[in-house]
Amino acid sequence: MLDNVSIFNFSGVYDEESFYLKDKGSSFYDAKTPGSLSPETHIRMHDMKNIPGTNCMCDDIAVDTIRTIFRNEDVTPYGIHFIDSGNYHYMSALLTEMVKEPFSLVVLDHHPDMQPAMFGDILSCGGWVLKVLNENKYVRDVHVIGADEGLISKLDPEDAQKVKFYSVDAYNFSTEYPIYLSIDKDVLLRSEVITNWDQGCMDCSQLFSLVKELATSGKLLGVDICGECATDQEDCDVGKAVAGNDDFNRRVLDIFRMI
């Protein structure tokens, strides 16, 4: 089902991109109309811009709203999901909670995303992996590639032991279970793609090679991609940064299109 593409437009950044538009060199259908679905390519744009309580932390009301959108718009964890900037990486927890079979979670991220909740049990972009570990009964193992060693060292030791961490140069792992892959583009060098968070040292060729390997393995359940450049970012040429992310997204889709 990896030909199903869902785009979750929280910040409006996807209005500035074109990787999903057929007339811009992609094989995919024009999905700018919120909720539109192409019967030919199964691509859908979900308008999330007017949901309060979603930026970085997702409060309980917002979680319920997002789950309702999933039900009403036939969102499944299977396929390819673009989930906006890293501020919305918690969407991975909401997508994987719909997986009803044992699976492995593979995360490419400069951050471990295992911070304890700051307020009660609230879902956040910085703690969603820990939330999955603690609450998803179907996850069997978690593999995090590219997380900063300094950030890993600050984790609770008991929590850190629940995850297998790999550097960007040594990420050989094996699992007997189907895989859900979550990609935060901040794992990449800033010279490759600009995100709205501090970034790691992976290059695009390494990332694309891993994606292709997993995509052709037959074990991939679903994929999500975040790390878009914020449209109000002040430390870069935003137009150039958005264009770079747009090109990256197109190249990821091309990997799956050519399988």
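Guide: Strand 1 (residues 5–9) is mostly covered, with 5 of its 5 residues buried. Buried means under 20% relative accessible area, exposed means over 50%, and partly exposed lies in between, using a 1.4 Å probe and protein chains only. Strands (E, at least two residues) and helices (H or I, at least four) are DSSP runs, numbered from the N terminus.

This is a predicted model, in which local features need pLDDT of at least 70, side-chain atom pairs count only at pLDDT 80 or more, and totals for chains, interfaces and linings use all residues. Residues are numbered from 1 along each chain as its sequence is written, and side-chain values use heavy atoms, with hydrogens and water left out.

Now the two faces. In a regular strand the side chains alternate between the two faces of the sheet. In strand 1, Val5, Ile7 and Asn9 are on one side, Ser6 and Phe8 are on the other, and all of these are buried.

Next, the neighbours. Two strands pair if DSSP finds at least two bridges between them. Strand 1 pairs with strand 2 (residues 43–47) in the parallel sense, over 5 bridges. In this pairing, Ser6 stands opposite Arg44 of strand 2. Strand 1 also pairs with strand 4 (residues 79–82), again in the parallel sense, over 3 bridges. There, Ile7 has Phe82 of strand 4 as its bridge partner.
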